[in-house]
Amino acid sequence: MLHAPAITPTLARFAVEAHWDDIPEAARQEAKRALLNFFAVALAGCHARPVEIALKSLAEFCDRKQATLIGRRERMDALSAAFLNAAAANVMDFCDTHVPTVIHPTASVAAALLALAELRRVSGVELLLAFILGVEIECRIGGAISPGHYAKGWHITSTCGVFGAATSAGKLMGLDQARMIWALGNAATQSCGLCECLGWPAKSVGVGNSARNGLWSALLAERGFEGPPEPIAGVQGFLSAMGEPPNWSCLTEGLGETWEIERNSIKPYPCGFVIHPVLDCVLDWRRDHPSDAVERVIVRGNPLLSDRTDRPDISTGSESQVSVQHAVAAALVLAKAGLDQFSDDCVHDPAVVAMRRRVEVVRDPTIATVAAAVELWTGDGTQHSRSTSAARGSPSNPMSDKDIEDKLRTIAGGWRPGHNIEPLIDAVWTLEKSTDVSGLLALTVPRA
């Protein structure tokens, strides 16, 4: 007996039968924006310490050079490349966020697809369609168990990203409905990732595996590796095992009429998205008061802000990405919130350390995750207040296309001075015209 019959078959059939003509222009554009941002954040993280360690470990078992690693001359087998490119895109906490679920949707799906695209000839339209469908499925499954799933400690990017990667890869392979269900079953049994690992290299294991295992799930299904008929909504399926009363409407209501990719946000700052509205307030205030000394700060935000980022005592740059106290302190001391402000050096800056101790966090369930309010007291005893209802980068206050291009240009310039990133930007914006996307990742690789 099923909890809700035909959930998995409905999602699988939708993915199998969807055509490019079904996708509205707004969703197509958001997909390209997300991919452009993916390349930016993967370049930012491609030489991060967790990625370097994972690469050395996987290289011991890899003798096939099938796929490109973003920003690197090394090549790996396709599964390992999917793992490493997803980990690189997420390791700096600079990737996109699906606001209703706080899933970082692109890392898992894009990394799996781009690895597969180096094994089989794929057009730009096929890539974009598969990407949009993967994001749709992972976010709908995530929506069905939100917000309780994340609050319980599951890292929803990892647990749901594997479904997106499996769906998108299965679409590119041309799986029929039965095999797409098997792919989702293979993905369901590999779904894992813990919020306890946020701020630590271990986080990248879950994110990398969501791409790798999603791709492998589809490859297995293609060869006839069978799974149960209802892996998502079965009596002992994914939703039941997660122990969260599902919001059934999120799974199928409006399927094919509304698109989750349009609810995506792009990050201007390399830290947890719930910190972003706080940074907007603090940076705006600091620009208006460049020399005022700050004695005390109270941050008011959605309870998720406190649950995930109330971390005053940190010791590494990775931890700083999920510390609202650090983000506020660095922004006030340095008037910036870029990659350098979430580094080990900044964490140990005496002025930043002192400022972190002056920041308090207050939970307010009436405040949305994309909103925040900040109160600051300056040395003369004056209280200042700032608030925002929509963080920069959120769907109602989005970064422009040029903003995203500039984000990529800035990261590429700092990562490899002189590397010409313009061909990659042009290739992403014109993906519909491409008959073979296998060379896309090569545009990120520095010349010898």
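Predicted model: local features only at pLDDT ≥ 70, side-chain atom pairs only at ≥ 80, totals over all residues.
Is cysteine 139 buried or exposed? With a relative accessible area of 2%, cysteine 139 is buried (buried means under 20% relative accessible area, exposed over 50%, and partly exposed in between, using a 1.4 Å probe and protein chains only). Residues are numbered from 1 along each chain as its sequence is written, and side-chain values use heavy atoms, with hydrogens and water left out.

Disulfides come next. A disulfide is a covalent bond between the sulfur atoms of two cysteines; here the cut-off is a pair of cysteine sulfur atoms within 2.5 Å. Searching the whole structure turns up 0 disulfides. Cysteine 139 has its nearest cysteine sulfur, the one on cysteine 160, 8.3 Å away, and is in no disulfide. Cysteine 195 is in no disulfide either, the nearest cysteine sulfur being that of cysteine 197 at 9.0 Å. Cysteine 195 also counts as buried, at 5% relative accessibility.

Salt bridges are another story. The search of the whole structure finds 23 of them, each a side-chain nitrogen of Lys or Arg within 4 Å of a carboxyl oxygen of Asp or Glu. One of them joins aspartate 436 to arginine 121, with the closest N and O atoms 3.5 Å apart. This pair ties together distant parts of the chain, 315 residues apart: aspartate 436 lies in the segment after helix H20 (422-429), and arginine 121 in the loop between helix H5 (105-116) and helix H6 (124-144). (Helices, H or I with at least four residues, are DSSP runs numbered from the N terminus.) Aspartate 436 is partly exposed at 30%, whereas arginine 121 is exposed at 62%.

Other pairs sit within a single helix. Arginine 287 and aspartate 284 form a salt bridge with their closest N and O atoms 2.3 Å apart. These two residues are 3 residues apart in helix H13 (residues 276-288), so about one helical turn separates them. Arginine 287 is exposed, with a relative accessible area of 57%, and aspartate 284 is partly exposed, at 34%.

In helix H19 (residues 401-415), aspartate 406 and arginine 409 are likewise 3 residues apart, or about one helical turn, and their side chains meet in a salt bridge at 2.9 Å, N to O. Aspartate 406 is partly exposed at 25%, and arginine 409 is partly exposed at 29%. Both belong to a network of salt bridges that links Lys402, Glu405, Asp406, Arg409 and Glu422.
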